[in-house]
Amino acid sequence: MPRPADHLPDPPALLDSERAAELTVHTKAALRRQRRELAASVDKAFKHIPWPLRGAVRRALGA
Amino acid sequence: MSAATESRAEAAKLARLLGLDGPESLTYVHQVPASELRDYREAVTELLYDDDQALLQRTADAARLLPAHTLATMGEHALGPLICARLTGLLDPDRAVEISGHFSIDFLAQLSAELDPRRAVDVVTSMPGDRVLEIAVAMAAAGEHVAMGRFVAHLDEGTLAGCIEELTDEDLLRIAFVLEGKERLDEVFELVGLERTQRILDGAESMGLGEEALDLRDHLNARQRKQLRRRAGG
């Protein structure tokens, strides 16, 4: 199911189709980069949580 | 300010938001009216901030379970500046400020460069002034003038004056060019002072910032421009 955020904004109308596509590629790349960082970083962050608290944090994250 | 100059300023902000290698990556958008570029940038900001909002909110909520220094360690060594910036506005402001006290200045500068201060106003305005100064100097050293331009509207006069004193003429000119809310530029340059403003304008060409200097001059008020003309007249 597409996320609401997958509805990318339309590029400015004045751009030709090639440039509009290029701008959209950059926007998608920024979104993918953020998603990658979030997924990788939350897992990595667990190493820094004291053992006794990890279960509570996992439950709070819904994991 | 010419339409092309306005578009160039907006292109610089959009390039920064998209994480591109400098505004030269988007020279083809200079033909687009600045208002349309601004609309596109706002829409992309919404997209980035709303994405994975549920997970980010749960992460911010889970932060209540952990001490501030542990959160700071997690932030700086695991989550990184981008994710921490997204989380900043989701935390209780006092808690966010407390956590920030455990971050290194370099990390805070990187985080601030990713932050939309409008989404964390209470955090930004609650930061101690001396900490803000340190962050500003670090951001300027990293060339993050576009990001710095977003914060000016949220700084009190004392902190702003402190930052102006610490930053170079080139920094001030670059920030002025990409300032969010340029209607405030003349107020900012009251704090800079006439003599330094003249020095900035005189030195602009040698810094390769002639267009930026013209833009600054256009945004000064009539009284300031008159005073500058008088100084130039001797």
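The model is predicted: local features need pLDDT of at least 70, side-chain atom pairs count only at pLDDT 80 or more, and totals for chains, interfaces and linings use all residues. Residues are numbered from 1 along each chain as its sequence is written, chains are lettered from A in the order in which they are written, and side-chain values use heavy atoms, without hydrogens and water.

**Interface**

| Item | Value |
|---|---|
| Chain A, residues in the contact | 37 residues |
| Chain B, residues in the contact | 35 residues |

Contact means heavy atoms within 4.5 Å. The two chains bury about 3,300 Å² between them, 70% of it on carbon and sulfur atoms. Buried area is the accessible area (1.4 Å probe) that two parts lose on being put together, summed over both. A:Gln34, A:Leu38 and A:His48 supply 19% of the area that chain A buries against chain B, more than any other three residues.

The count between the chains is 1 salt bridge (a side-chain nitrogen of Lys or Arg within 4 Å of a carboxyl oxygen of Asp or Glu). A:Arg35 and B:Asp51 form a salt bridge through their side chains, at 2.7 Å from N to O.

**Helix H5 of chain B**

This helix spans residues 93-100, and its buried residues are B:Arg95, B:Ala96, B:Val97, B:Ile99 and B:Ser100. Buried means under 20% relative accessible area (1.4 Å probe, protein chains only). Helices are DSSP runs (H or I, at least four residues), numbered from the N terminus. The cover over these buried residues includes helices H4 (68-88), H6 (105-114), H7 (121-126) and H8 (129-141) of chain B. At the start of H5(B), a side-chain oxygen of B:Asp92 comes within 3.2 Å of the backbone nitrogen of B:Asp94.

How values were computed: Buried < 20%, exposed > 50% of the residue type's maximum accessible area, 1.4 Å probe, protein only. Helix = DSSP H or I, 4+ residues; strand = E, 2+ residues; numbered from the N terminus. Polar contact = N/O pair within 3.5 Å; in protein donor to acceptor, adjacent residues only side chain to side chain.
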